[in-house]
Amino acid sequence: MDIAGAMERAISASREAMGVSSPNPPVGAVILAADGTLAGIGATQPPGGPHAEIMALRAAGDAARGGTAIVTLEPCNHTGRTGPCAQALVEAGVAEVHYAVSDPNPVAAGGADTLRAAGVRVTGGVAADDVENGPLRPWLTRQRLGRPHVTAKIAAGVDGRIAAPDGTSQWITGPQARDHAHSQRARIDAIVIGTGTALADNPTLTARTADDTLHTHQPARVVLGHRDLPADARLRDPAGGPLIRVESHDPADVLAALPDALWVLVEGGPHILGAFFAAGLVDEVHAYVAPLVLGAGRGSVEIPGVTTLTDGLRFRTTSVTRLGDDVLLTLSRPSTASRER
């Protein structure tokens with residue numbers, strides 16, 4: 001296996017750690033034996049557990065000596081709840097380390113220098129764009145901006161309606177789109193709605209598989225607003241993630257209530273989504289678009305102060321995915337100002 005192929009395997013492994021490793025980064029690692037054969041794969045475990053490199057080294061055993069480690073993030077260089085991964089790679093006798101992204105956390109950075117000082121050949125920047133825009137993106141947002149990565153989720157017809165005039169909304173999108181949305185929930189740290197949606201729809205906000213069983217990881221469920229939830233609200237079901245009430249209408253208060261979260265999904269309704277957009281806190285949009293025209297009913301987003309086209313918030317289309325008859329548009333916040341005039 002070549003380095004590029006091994007990095008693809010490491011990225012795939014890192015996806016399995018999303019939501020599970022928080023607040024630690026979801027990292028994937030691969031160990032190739034000296035002859036280039038695959039010897040071990042690992043991903044970061046829950047907090048307090050081994051990091052990806054340790055899991056991969058355990059899987060590789062003696063085959064790691066003289067071999068190559070491929071890691072999505074620069075191996076850490078500090079001792080926290082676990083020891084430094086850079087030193088573990090040295091002790092395992094690894095001859096080469098290739099990583100994608102340098103660690104921006106000054107507390108943990110420096111692993112590459114430690115490895116080089118021990119005589120290990122080190123290369124950084126391997127498939128860096130794929131990793132930065134993939135599983136590691138939420139953690140990098142937290143490191144760079146001091147807050148979680150925020151994704152706004154919209155499920156609407158082609159005319160932007162999320163419910164008919166009589167309030168019916170289940171289901172606008174088809175089963176493949178809903179399954180995809182649930183798989184995303186299983187990778188996030190928290191999901192946010194307002195009290196209006198909680199009272200009108202009585203959702204569970206759990207992450208479920210196609211056969212309706214619960215995923216192992218469940219996101220925290222955050223309800224923003226002042227109204228009380230009834231005692232029998234399905235959000236109170238302990239089978240889901242923890243229920244967090246934020247008695248405010250300020251999106252910043254939501255993020256402050258989630259100090260360890262890396263990735264937050266905002267599902268609405270339209271006023272909650274609009275508040276996050278207006279505050280400049282949306283990094284990404286997942287828009288599930290169904291081949292449905294309602295012509296009237298609730299719009300997907302209400303943003304205060306937008307009265308003309310030039311006030312709109314423009315995003316960049318990063319992918320278009322067919323999900324049965326529906327389409328998922330993934331939009332990213334431009335690197336320049338979020339408003340183009």
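User: Is phenylalanine 277 buried or exposed?

Analyst: In this predicted model, phenylalanine 277 is buried, because its relative accessible area is 9%, which falls under the 20% cut-off.

User: Which residues of helix H10 are buried along with it?

Analyst: Helix H10 covers residues 270–278, and its buried residues are Pro270, Ile272, Leu273, Gly274, Phe276 and Phe277. Just after H10, glycine 280 takes a positive phi of about 70°.

User: How many aromatic pairs are there?

Analyst: The count comes to one aromatic pair. The rings belong to phenylalanine 277 and phenylalanine 315, and since their centres are 5.9 Å apart and their planes stand at 90°, the pair is edge-to-face.

User: And where do those two phenylalanines lie?

Analyst: Phenylalanine 277 is in helix H10, while phenylalanine 315 is in the loop between strand E13 (298–299) and strand E14 (316–323), so the pair ties together parts that are 38 residues apart in sequence. Phenylalanine 315 is partly exposed, with a relative accessible area of 21%.

User: Switching topic, what is the strand order in the five-stranded open sheet?

Analyst: The order is E2-E1-E3-E4-E5, with mixed pairing, and the edge strands, each pairing on one side only, are E2 (38–43) and E5 (121–123). Strand E1 (residues 28–32) runs antiparallel to E2 and is joined to E2 by five bridges, with leucine 32 standing opposite leucine 38 in E2.

User: Which strands does helix H1 touch?

Analyst: Helix H1 (residues 3–15) packs on the sheet and touches E1, E2, E3 (68–73) and E4 (96–101), its direction making about 50° with that of E3. Helix H2 (residues 52–60) lies across E1, E2 and E3, and runs at about 150° to E2.

Key. Residues are numbered from 1 along each chain as its sequence is written. This is a predicted model: local features need pLDDT of at least 70, side-chain atom pairs count only at pLDDT 80 or more; totals for chains, interfaces and linings use all residues. Side-chain values use heavy atoms; hydrogens and water are left out. Buried means under 20% relative accessible area, exposed over 50%, partly exposed in between (1.4 Å probe, protein chains only). Helices (H or I, at least four residues) and strands (E, at least two) are DSSP runs, numbered from the N terminus. Rings of Phe, Tyr and Trp (its six-membered ring) pair if their centres lie within 6.5 Å; planes under 30 degrees apart count as stacked, over 60 as edge-to-face and the rest as tilted. Two strands pair if DSSP finds at least two bridges between them. Contact means heavy atoms within 4.5 Å. Axes are lines fitted to C-alpha atoms, for helices over the stretch in contact, and angles run from 0 to 180 degrees between N-to-C directions.
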